[in-house]
Amino acid sequence: MTEDSHDLVIAGSGVAGLSAAVYAARADLDPLVLEGDEPGGQLTLTTDVENYLGFPDGVGGMDLVQRGKEQAEQFGAQFRYGRIEDADLDGQPLELSLSTGDTIFTRSLIVATGASARWVGAENEDELMGYGLSTCATCDGAFHRGDDVLVVGGGDSAMEEALFLAKFADSVTVVHRREELRASEIMVDRAREHDDIHFRWNTELEAIHGSQTEGVTGVTLVAHPEGYPREKAESGTNVERETVEMGGVFYAVGHTPNTQFLDGTGVERDDSGYIFTRTDNTGRPSAHTAVDGVFAAGDIADPRYRQAITSAGTGSMAALDAEEFLEALPDADESMATASAETVP
Ligand SMILES: Cc1cc2nc3c(=O)[nH]c(=O)nc-3n(C[C@H](O)[C@H](O)[C@H](O)COP(=O)(O)OP(=O)(O)OC[C@H]3O[C@@H](n4cnc5c(N)ncnc54)[C@H](O)[C@@H]3O)c2cc1C
C-alpha cells in the first residue's frame, strides 16, 4: 500500500475528466487523473461522433478520448488506474481510498465519474453496443435515417428518445415489459399520437442480431400476456417469440450515476445520485459542490443534456474553480503535514 498527496485529483477519464485535466495541467496544478474501470469513459462505446465541435468529418469515440489524454499528458497530467471506493471529505486534506488498496490525500477533487447507462442483458449487446445499438438517441439517431428502430423502455426518457428518433427513422417500435408506461401522460400522448411510433406491450428484447460490420439487422422479442416475459421464460413458462428485421436498437432504461463512494459525505445529490453543483453569490452556475474543495463535472452533475461537448465545458469550469479554490487555500503544506503525521506510525 502507498500513500501520496496531491493538489488536485480528478476522478474519471471521460471527456469531462480529460477536459479538466487539460485546463488544470496548463495551470501547473499537476493533476492526478484516476481512470476508474472504464478509461476514456462512455465515448469508448461508440464508433462515430458527429456532433463534437471541430471535427467536420466526425471522429471515432476512442480516437477523441485518446487525443484528449495525449493533450492532457503533454501539459503534465498524470494518469493512474484505480477507482475511488471511499472518500473522507471532512476537512483538509481530503482522503480517498482506491480499489487498488492505495490511499491518496488531496487538497481538491473534481468528480467526473459519469453516469452509466443501464443495459438490459439482451444477447449480443456487448458486441453490438456502438454498432447500431446505442443508449443515446441524440447522439446516434441521425445514423438511422430510413431505418426501422426499436426503443426499449417505458419512462419519459424512452418517450423522448422515440419522438426524437421518429424524425429520422421510418418507424419506431417501443417495447415495454408491462402494459402500462411509467412515463408522464403528456409524453405518452405525444408518442401515441405520432403515426410512426408503435408500441408492443408485455414484450421484451431477448436478442439483437447483426455484426460489427453490418450493424444491427434484427431483434428477437419475447411476449407474454401477463407481462415480464423474460422472467416467465426463465421459469419455464411458454412465451411467444418473434424475430423481426430492425436497423437499430436504443436502450432507454435509465442511467446510474457513479457516486456511491460519496455516500456519507456532505456532497449533495438528488434522489437518483446526480450531484448538485452550487451557484455563485451572483446566482451564476459553478462547479462547486456542497463540500469545499470538491467540484463536479460532466454527466455526473447533468441528468439532462449528457453530451460530450457539455461534459468538456463543465470539465473546464471545474478546473478553473479548483484553481481559484487552491489559490485561496491557506496553510496547504501544514494540512498535508498534519495528514502525514496522523497516518504514518
Ligand atoms: C453509445 C454512446 C454513444 C454516445 N455518443 C455521443 C455522441 O455522438 N456525442 C455526444 O456528445 N455524446 C455522446 N454520448 C454521451 C457521452 O459519451 C457522455 O455525455 C460523456 O462521455 C460524458 O462524459 P463524462 O466524462 O461526464 O463521463 P464518462 O464518459 O461516463 O466517464 C466517466 C469516467 O469516470 C470513471 N469512473 C467511474 N467511477 C469512478 C470511480 N469511483 N473512481 C474513479 N473513476 C471512476 C470511469 O472509468 C470513466 O473514466 C454517447 C454515449 C454513449 C453511451
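## Ground rules

A residue counts as buried when its relative accessible area is under 20%, as exposed when it is over 50%, and as partly exposed in between. By that scale Arg67, with a relative accessible area of 44%, is partly exposed. The structure is a predicted model.

## The whole chain

Start with the overall fold. The chain holds nine helices and 19 strands. Its radius of gyration is 22 Å, close to the 20 Å that the globule rule gives for 345 residues, so the chain is as compact as a globular protein of that length. The C-alpha trace spans about 70 × 45 × 40 Å along its principal axes.

Next, look at burial and contacts. Of the 345 residues, 50% are buried. Take the contacts between residues at least 6 apart in sequence: 63% of them join residues at least 24 apart. The chain exposes about 16,900 Å². Carbon and sulfur atoms supply 44% of that area.

## Charges

The chain carries 23 positive and 63 negative charges. Where do the mean positions of the positive and negative charges lie relative to each other? They are 5 Å apart.

Some of these charges pair up. A search of the whole structure finds 10 salt bridges. The next sections visit several of them.

Return to Arg67. Its side chain meets that of Asp63 in a salt bridge, at 3.5 Å from N to O. Both residues lie in helix α2, which covers residues 61-74. They are four residues apart, about one turn of the helix.

The side chains of Arg83 and Asp37 meet in one, with an N to O distance of 2.8 Å. Arg83 lies in the loop between β5 (78-80) and β6 (84-88), and Asp37 lies in the loop between β2 (32-34) and β3 (48-49), so the pair ties together parts that are 46 residues apart in sequence. Arg83 is partly exposed, with a relative accessible area of 33%.

Glu242 and Arg200 form another salt bridge. Their closest N and O atoms are 2.6 Å apart. This pair also links distant parts of the chain: Glu242 sits in strand β16 (residues 240-245) and Arg200 in strand β13 (residues 197-200), 42 residues apart. Both ends are partly exposed. Glu242 has 36% relative accessibility, and Arg200 has a relative accessible area of 29%.

Salt bridges can also share partners. Which residues do they join into one network? The members are Asp4, Arg80 and Asp102.

## The loop between β19 and α8

Now move to the loop between β19 (294-296) and α8 (308-328), where Gln307 is found. At 14% relative accessibility, Gln307 falls under the 20% cut-off, so it counts as buried. Which residues does Gln307 touch, leaving out those up to four places away in sequence? They are Asn51, Cys136, Thr138, Cys139 and Asp299. Asn51 is 256 residues away along the chain, yet the C-alpha atoms of Gln307 and Asn51 are separated by 9.3 Å.

Arg306 lies in that loop between β19 and α8 as well. Arg306 is partly exposed, with a relative accessible area of 23%. Its backbone deserves a look, and the next section takes it up.

## Backbone exceptions

Most residues other than glycine have a negative phi, and most peptide bonds are trans.

Where is Tyr228 found? The answer is the loop between β15 (215-223) and α7 (229-234). With 29% relative accessibility, Tyr228 counts as partly exposed.

The peptide bond between Gln92 and Pro93 is cis. Its omega is about -10°. Pro93 is found in the loop between β6 and β7 (94-98).

Notes: Residues numbered from 1 in each chain as written. Predicted model: local features only at pLDDT ≥ 70, side-chain atom pairs only at ≥ 80, totals over all residues. Heavy atoms only, no water. Helix = DSSP H or I, 4+ residues; strand = E, 2+ residues; numbered from the N terminus. Rg over C-alpha atoms; globule rule 2.2 N^0.38 Å. Buried < 20%, exposed > 50% of the residue type's maximum accessible area, 1.4 Å probe, protein only. Contact = heavy atoms within 4.5 Å. Areas by Shrake-Rupley, 256 points an atom, 1.4 Å probe, with all protein chains shown as cover. Lys, Arg positive; Asp, Glu negative; His and termini not counted. Charge placed at Lys NZ, Arg CZ, Asp CG, Glu CD. Salt bridge = Lys/Arg side-chain N within 4 Å of Asp/Glu carboxyl O.
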